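Please open the structure in a viewer and keep the selection tool at hand.

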Amino acid sequence: MCDAWVSWNGWYCLFIQGQSVQMPDTCVDEYSCGTHAPLWLNGGHPTVEDGVVTRDVCGHWDNNCCYFQSNPIKVKACPGDYYVYEFVSPTTCSLAYCAASHIKLFLIPESTSQSNSSASTTTETIPSIESMTPPITTTAAPEIFYPFGSSGDTRNAAADDGSSIKIQLLRPFLFFGRTYQQIYVNNNGHLTFNQSSSQYLPYSFPSNESQDIIAGLWTDLDNSARGVVSYHQYTNGSVLTRATQDINNHFPNLAFNASWVFVATWDKVPYLSLSGTETSFQVVLISGSNFSFILMNYGDISVTERQVEAGYDTVTSTHYFVIPGSVNGSFIPNLKRSSNVNVTGRWAFRVDGGHNLSKGKSSVFLEIDKNNNSQFF
């Protein structure tokens, strides 16, 4: 396991089986945490009164608890007896951060800045923060998905690297200062406004490109064998009522009323040349008055070795966002358990140029379940 491959972004809180845990701040045995040289916090945890502190991070190797001196991280103690960490990429592979409620303790050589007078062990194995994801099990679309699959949907042609025709929007959509009357739904998991795109390798946001792009899950998908890419616009009815409720829940104090909803859905679309895989997700555009929002809803998504990315980017990257973990093909099955608005599987953004603040957690949280699977939420 190598956490240098993870796109770390923001603050993280650690959980095991629903219980808040912390990084070990004493030496951890080699080959723990699913890696060769497990990373531990050298310097101890702060108190609430300490505020944000910077701590060294060590990796145990060759019987030296601090053989690898990785990049320092920031740590904060929060009221309620838990900690948050601003993780960064380790200096090399194979290093991975540890998290545990019970840890193995080892005598630390005097060469490190922390000492421990005795050594003891527990029977609990320390899980790694990043872990292998089990094979996917197909389920029905999550409840967070907006309606799709009806006769009113328009389906994209079944074609590798294909796209929709130019879609005339029934209402204008404001995206960070630019107002659009048209859009394209591209089979490779992204939306563009000025022209269709067959690009299957995602740009790395911020890309400083010349077009606005919304990436639900930008990667090399292929609906020519199976799976459906579809879209539907709404200007009245229950979908608008639902969108109004969702946005007012996610962004309170706006008194928002939806007048238009555009739902693009990728339903069980496989990766190219991998018909046994599937991806299911949605990008929902919502507007009303001078407000514009994006919802990204995630269902079952297979592991992939292909390049992937989820988020959005604007012309010259004046505004951009990458969903944490979405550039890691081994992690993306956990998108369906991630959120920035406390709704599992959903990410919500205000994109008209106003403050992109929701009532959900402003930090990204990471959970490790009993099977050592990790998730942001």
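Select C58 first: at 2% relative accessibility, this cysteine counts as buried. Its disulfide partner in this predicted model is C66, with the sulfur atoms 1.8 Å apart. C66 is likewise classed as buried, with a relative accessibility of 11%. The torsion about the S-S bond of C58 and C66 is -60°, and the link is left-handed.

Next, display C27 and C65, which are joined by a disulfide with an S to S distance of 2.0 Å. Here the torsion about the S-S bond is about -100°, so this disulfide is left-handed. The pair connects distant parts of the chain: C27 lies in the loop between β2 (19-21) and β3 (37-42), C65 lies in strand β5, and 38 residues separate them. Both C27 and C65 are buried. The count of disulfides comes to two.

Move to the loop between β4 (52-61) and β5 (64-78), where D62 is placed. N63 is found in the loop between β4 and β5 as well. Most residues other than glycine have a negative phi. D62, although not a glycine, has a positive phi of about 55°, and N63, also not a glycine, has a positive phi of about 60°. Are these residues buried or exposed? D62 counts as exposed at 53% relative accessibility, and N63 is exposed with a relative accessible area of 68%.

For another backbone feature, select F205 and P206. A cis peptide bond joins F205 to P206, with omega at about 0°. Most peptide bonds are trans. P206 is located in the loop between β11 (190-192) and β12 (213-218).

Then turn to the sheet by selecting its strands. Six strands make up an open, antiparallel sheet in the order β8-β13-β14-β15-β16-β19. β8 (154-155) and β19 (346-350) stand at the edges, each with a single partner strand, so one side of each has no neighbour in the sheet.

Within the sheet, select β15, residues 274-288. This strand is mostly covered, with 12 of its 15 residues buried. Strand β14 (residues 260-271) pairs with β15 in the antiparallel sense over nine bridges, and W260 stands opposite S287 in β15. β14 and β15 form a hairpin with two residues between the strands, and S273 in the turn has a positive phi of about 65°.

On moving to β16, note that β15 and β16 are paired in the antiparallel sense over nine bridges. The bridge partner of Q282 is N297 in β16. The hairpin of β15 and β16 has two residues between its strands, and there S289 takes a positive phi near 55°.

Finally, select β16 (residues 291-301) together with β19: five bridges join these strands, which run antiparallel. To examine one of the pairings, display F293, whose bridge partner in β19 is R350.

Methods: Residues numbered from 1 in each chain as written. Predicted model: local features only at pLDDT ≥ 70, side-chain atom pairs only at ≥ 80, totals over all residues. Heavy atoms only, no water. Pairing = 2+ DSSP bridges. Helix = DSSP H or I, 4+ residues; strand = E, 2+ residues; numbered from the N terminus. Buried < 20%, exposed > 50% of the residue type's maximum accessible area, 1.4 Å probe, protein only. Disulfide = S-S within 2.5 Å.
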